[in-house]
Amino acid sequence: MRAQEQTYLLRARHVKRRHDVPLHSEAQDREPTLALAHLTYADSMQRDELVSWLDDYLDLAAFPDDPSLNGLQVEGSAEVHKVAVAVDCSLTTFEQAAEVGADMLITHHGLFWGTPLAVAGPHRKRLAYLLERDISLYAAHLPLDAHREVGNNWGLARLLGLDEPTPFGSWRGRTLGVAGVFPTPMSLRDLADLIERTLGEAVLVHAGGPIEVSRMGIVSGSAAGIVTEAAAAGLDTFLTGEPKHDHFYDPFELGVNALYAGHYMTETVGVKLLADELRDRFSLATEFVLLPTGL
Ligand SMILES: [Zn+2]
């Protein structure tokens, strides 16, 4: 076992021990009979047809400034029988996608971020692994944060029971996140517990706002600076993934609670919802690859 793999497993066990969240694959979540049905009757689809449906459904064209090269990043086999979904790209992610028999992998964070990259070192190994096995790689970054049906933020708002969702959290003139109201106000502690139970990640609480909360904004991943926008919008709480040292004092001086539930875990929501959509719409077999970074 490589060191990288060991680290992942250690982190996964760490998460499980602390929050008692079972870490299993999405396939194991389903009823055994349903899993069998999917295995037996799952359809296949032409790669190009699936890619063009994804481009359109996720509205990639609306995010021309995204540093991520959204869309098909690596072209694999012409036919897709099974789609794996994951948050990040790594050799371990690719190995696990191959292990579950995926012909296509869809990730939130892809391999290409706007800077020319030599095909050497880990990048070469990752590309070679996919190409040798004919596995396609499709990336959807900001489009999968902002999407109202399968996006990280609107999806998380639904999971947490936020009502009256409205677009919130700007990035270069686009809105990525969502704000809403809890039907019943709750204590900040209960909200942190709810998020921990929902995502399976320890929540870091910077309690700059009231101890009873009802109005929250969400922007997944790394968006700590958007707490300023939360204050301007009259929200009492802001949820994102990663804390940022530069913004430590902001929630306290703005009078807003900042909750950090992990860059990784807040961005598992979108790829999982997208997998559900592919299963329901095209009867494709799908599998979520869980590799928490603990960050
Ligand atoms: Zn991210």
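**A mixed sheet and its helices**

Strand E10 (residues 212–218) and strand E11 (residues 237–240) run parallel and are joined by three bridges. Strands here are DSSP E runs of at least two residues and helices are H or I runs of at least four, both numbered from the N terminus; two strands pair if DSSP finds at least two bridges between them. Within this pair, Met216 stands opposite Thr237 in E11.

The model is predicted, and local features need pLDDT of at least 70, side-chain atom pairs count only at pLDDT 80 or more, and totals for chains, interfaces and linings use all residues. Residues are numbered from 1 along each chain as its sequence is written.

E10 and E11 belong to an open sheet of six strands with mixed pairing, in the order E7-E8-E10-E11-E12-E9. Its edges are strand E7 (163–171) and strand E9 (204–207), each of which pairs on one side only. On average, neighbouring strands are turned by 25° against each other, direction ignored; axes are lines fitted to C-alpha atoms, for helices over the stretch in contact, and angles run from 0 to 180 degrees between N-to-C directions.

Elsewhere in the sheet the pairing is antiparallel: E7 is joined to E8 by six bridges, and E8 to E10 also by six bridges. Phe168 stands opposite Gly177 in E8, and Met186 opposite Val213 in E10. Two residues lie between the strands in the hairpin of E7 and E8, where Arg172 takes a positive phi near 45°.

Helix H9 (residues 188–199) lies across E8, E9, E10, E11 and strand E12 (257–260), at about 120° to E8. Contact means that the C-beta atoms of two residues, placed from the backbone, lie within 7 Å.

Helix H8 also meets helix H13 (residues 268–282): their axes come within 8 Å and cross at roughly 90°. H8 is therefore roughly perpendicular to H13, a term for angles of 65 to 115 degrees, with under 35 counted as roughly parallel, over 145 as roughly antiparallel and the rest as oblique. Asn152, Gly155, Leu156 and Leu159 of H8 meet Val269, Gly270 and Leu273 of H13. These residues comprise four nonpolar, three polar and no charged (Ala, Val, Leu, Ile, Met, Phe, Trp, Tyr, Cys and Pro are nonpolar, Asp, Glu, Lys and Arg charged, and the others, Gly among them, polar).

A further helix pair is H5 (residues 91–99) and H6 (residues 121–133), whose axes come within 10 Å and cross at roughly 10°. These two are therefore roughly parallel.
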